[in-house]
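Colleague: I'm new to reading structures. Could you walk me through a few features?

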Amino acid sequence: MSRRYLTVDVFTDRRFGGNPLGVVFDADGLDTDQMQAIAREFNYSETTFLLPPRDGGHTATLRIFTPAREVPFAGHPNIGAALAVAWEGELFGREIGDEIVFDEKAGLVRIAITRENGQAVSAELTAPEPYRTGGEIGRDFVARCAGLSPDDIAVDRHKPVVASVGLPFTFAELRDSSALERAKIGPVETFKALPANAHDLMIYVRTGEGQARARMFGPLDAVPEDPATGSACAALMGLTAHLDPAENGEVTLSIRQGVEMGRPSRIEARAEKKDGAVTAVRVAGGAVAVMEGKLLA
């Protein structure tokens with residue numbers, strides 16, 4: 001049988017920017033091996049598959065695959081799939097409104113749609129898990145992963161650390177934008193020694209109040225570099241809010257990614273704090289449709 005697909009560029013307002021995503025409609029009947037093979041065929045950092053919801057109150061079950069593995073949650077697949085569904089207007093016999101709920105392996109992901117003149121133009125997801133941190137990682141080791149000197153890693157605010165709001169990453173702050181631009185993916189063997197659940201590395205630099213630039217290396221997921229990583233940006237937002245001295249209120253962060261790849265992306269993030277704890281993390285962005293067709297599988 002044939003199944004419709006749409007490709008979208010996510011966290012951008014123009015084609016051939018942002019992060020490409022494959023969205024496969026009517027994926028019911030595909031097994032895990034077939035989905036993995038299709039994701040390898042698209043060869044994007046992620047491909048999503050829409051299946052009927054397990055609960056009638058939800059929009060769909062969403063499964064997400066890199067070319068190498070299935071992941072429980074990711075940012076640009078949720079934003080891109082939600083906007084694709086909103087543009088459709090109907091899915092599995094139900095009209096699509098301004099709130100979309102995807103059932104994923106990490107839990108329920110709620111996504112708010114923003115419209116202009118009736119057209120969906122952006123989406124904001126709420127991370128499915130609370131912000132949490134893992135263990136710290138040696139500066140020398142992280143520097144080797146990013147092809148940098150240990151002196152390029154800033155440790156005044158935090159040492160390299162694992163953080164997550166649904167999908168763990170290793171994070172390291174750099175001292176300046178020059179270090180970010182000089183960074184290059186290190187030997188794959190170095191990434192194998194990162195924590196097993198956080199073997200993708202996001203490096204970032206603060207560029208102003210509430211602003212940052214970032215790069216993400218994920219060779220073990222067959223993603224040497226990713227132009228826009230919503231799940232990592234969400235975790236970075238959580239880390240930023242965690243480090244912020246404010247006990248209550250909202251902390252925001254505008255993140256630029258993909259610049260060095262020629263696919264500039266912008267991810268808008270915000271987190272809520274109450275009594276010193278991060279209580280919610282959200283990331284938002286737009287997307288544009290690029291290609292559509294039929295998958296003969």
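Modeller: Start inside. This is a predicted model. About 110 Å³ of space lies in its largest cavity.

Colleague: How many cavities of 30 Å³ or more does a search of the whole structure find?

Modeller: The search finds 1.

Colleague: Which residues lie nearest the centre of the largest cavity?

Modeller: A cavity is a space where a 1.4 Å probe fits but cannot get out. Here 19 residues line the largest one. Nearest its centre are E46, D200, M216, D226 and T229.

Colleague: Which elements give two or more residues to that lining?

Modeller: They are α2, β15 (211-218), β16 (223-226) and α6 (230-243). The largest share comes from α2, with 3 residues.

Colleague: What classes of residue make up the lining?

Modeller: The lining of the largest cavity has 8 polar, 7 nonpolar and 4 charged residues.

Colleague: Is α2 mostly covered or mostly exposed?

Modeller: Buried means under 20% relative accessible area. In α2, 12 of the 14 residues are buried, so by that cut-off the helix is mostly covered. Among the buried ones are G75, H76, P77, I79, L83 and V85.

Colleague: Which way do residues along a helix point?

Modeller: An α-helix has 3.6 residues a turn, so residues three or four places apart point the same way.

Key
Residues numbered from 1 in each chain as written. Predicted model: local features only at pLDDT ≥ 70, side-chain atom pairs only at ≥ 80, totals over all residues. Heavy atoms only, no water. Buried < 20%, exposed > 50% of the residue type's maximum accessible area, 1.4 Å probe, protein only. Helix = DSSP H or I, 4+ residues; strand = E, 2+ residues; numbered from the N terminus. 1 Å grid on protein atoms, 1.4 Å probe; cavity = no way out; pocket = protein on both sides within 12 Å on 5 of 7 lines; lining within 4 Å. Points joined across faces, edges and corners; volume = space filled by probe spheres on them. Nonpolar A, V, L, I, M, F, W, Y, C, P; charged D, E, K, R; others polar.
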